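Student: I have a structure to go through before the afternoon. Can we take it in short questions?

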Amino acid sequence: MVNANTELIGLFGHPVSHSKSPLMHNAMFHELGLNYLYLAFDVQPENLQAAIAGVRALGFRGLNITIPHKEAIIPFLDEISPEAKLIGAVNTVVNSNGKLIGYNTDGEGYLASLLEETGVQLQDKKIIILGAGGAARAISYALAKQQVKKITIINRDETRAEELVLSINNSKIDVANFTQLESCLHEAELIINTTSVGMSPNITGTLVKNEWINPQQIVSDIIYNPLRTKLLNDADAQGATIHEGLGMFINQGAIAFEKWTEIKADSSFMRQVVLDSLI
Ligand code: ATR
């Protein structure tokens with residue numbers, strides 16, 4: 001029940017109207033009997049600074065930050081976690097006694113979901129990441145901290161892939177040219193798509209030909225609309241293990257939830273709430 005003591009969490013993005021986060025978090029607050037309310041705000045880029053001043057003035061407990069504000073918000077915060085600093089993007093803010101602290105829960109959320117859903121042993125694995133945007137940065141940072149053998153970034157714009165490698169600065173990460181995609185894929189054990197290719201409404205898109213996939217591989221896509229992309233359908237047909245994108249969304253949210261409330265979220269409950277809303 002909303003009352004004078006309700007703690008507020010905001011989602012700042014532009015646009016925000018399609019986000020499943022308000023539904024997912026409010027259901028979890030309700031289920032756990034927590035007096036929190038999660039609201040989405042469509043914040044124009046030129047109003048971001050004023051919106052953050054509002055968070056301070058009104059004493060919001062926290063925020064989620066989405067496109068296009070994940071990088072732009074950094075100068076307006078008081079502290080940035082080392083991880084968010086390296087990734088160069090914030091998706092979660094906690095108001096700790098008036099101090100706004102920025103985090104990035106995407107990489108950790110991805111890793112939790114990958115391990116939970118595929119049971120993969122990451123030790124000595126050769127990994128290909130397609131794409132070099134914010135999601136690729138978060139995921140490559142999280143994976144490079146594991147005992148993996150090599151992470152190769154392949155992006156249409158190779159300069160962006162090189163910038164990613166420079167900023168994450170881990171010797172396990174390298175870059176390959178887009179024209180080497182086929183040969184790189186042959187030796188990869190885990191293939192991760194972080195590009196928007198295959199996302200609704202362009203659901204027939206994929207960067208990978210199905211004959212480039214073999215049954216020993218794990219193929220992972222962070223897109224969750226559709227729940228199963230063309231890449232994952234092709235990989236499934238080739239006998240590979242597949243990992244859908246919804247788990248990353250759920251787990252990044254569960255980690256943020258725990259930062260705001262200091263109470264553990266039930267990620268399977270959150271997943272069910274989101275799945276029910278998609279049918
Ligand atoms: P996010 O922060 O969610 O990762 P982003 O920064 O917009 O999003 O990154 C989108 C990724 O999808 C980029 O790697 C982009 O490639 P470029 O850097 O070359 O633009 C990739 N991408 C989008 N459309 C693509 C397409 N048609 N073919 C190949 N890559 C594409």
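Student: In which loop is Pro-68 found?
Tutor: This is a predicted model. Ile-67 and Pro-68 are joined by a cis peptide bond, with omega about 5°. Pro-68 is found in the loop between strand 3 (62-65) and strand 4 (79-80).

Student: What is omega for the cis peptide bond that joins Asn-225 and Pro-226?
Tutor: Start with the place. Pro-226 sits in the loop between strand 11 (218-221) and helix 8 (230-237). Its cis bond to Asn-225 has an omega of about 10°.

Student: Which residue has a positive phi although it is not a glycine?
Tutor: Look at the loop between strand 5 (92-96) and strand 6 (99-103). The phi there is about 50°, and the residue is Asn-97.

Student: How do helix 5 and helix 6 lie: oblique or roughly parallel?
Tutor: Two packed helices are described by the angle between their axes and the distance between the axes. Helix 5 (residues 134-144) and helix 6 (residues 158-168) pack at about 40°, and their axes are 11 Å apart. Angles under 35 degrees would count as roughly parallel. Therefore helix 5 is, relative to helix 6, oblique.

Student: What is the hand of the crossing of helix 1 and helix 10?
Tutor: Take the geometry, then the hand. The axes of helix 1 (residues 21-31) and helix 10 (residues 267-278) come within 9 Å and cross at roughly 130°. The two helices are therefore oblique to each other. Their crossing is right-handed.

Student: And what is the hand of the crossing of helix 5 and helix 6?
Tutor: We have already placed this pair at an angle of about 40°. The crossing of helix 5 and helix 6 is right-handed.

Student: Now the ligand. Which residues around the ligand come nearest?
Tutor: There are 13 residues around the ligand. By class, four are nonpolar, six polar and three charged. Those that come nearest are Ala-132, Asn-155, Arg-156, Asp-157 and Arg-160.

Student: How far does a polar side-chain atom of Asn-155 lie from an oxygen atom of the ligand?
Tutor: A backbone N or O atom of Ala-132 lies 3.0 Å from a ligand oxygen. A polar backbone atom of Gly-134 is also 3.0 Å from an oxygen atom of the ligand. For the side chain of Asn-155, the distance to a ligand oxygen is 2.7 Å.

Student: How much of the accessible area of the ligand does the protein cover?
Tutor: On its own, the ligand has 650 Å² of accessible area.

Note on methods:
Residues numbered from 1 in each chain as written. Predicted model: local features only at pLDDT ≥ 70, side-chain atom pairs only at ≥ 80, totals over all residues. Heavy atoms only, no water. Near = heavy atom within 4 Å. Polar contact = N/O pair within 3.5 Å; in protein donor to acceptor, adjacent residues only side chain to side chain. Areas by Shrake-Rupley, 256 points an atom, 1.4 Å probe, with all protein chains shown as cover. Nonpolar A, V, L, I, M, F, W, Y, C, P; charged D, E, K, R; others polar. Axes fitted to C-alpha atoms, helices over the stretch in contact; angles between N-to-C directions. Helix = DSSP H or I, 4+ residues; strand = E, 2+ residues; numbered from the N terminus. Parallel < 35°, antiparallel > 145°, perpendicular 65-115°, else oblique. Left-handed = near helix turned anticlockwise from the far one by under 90°.
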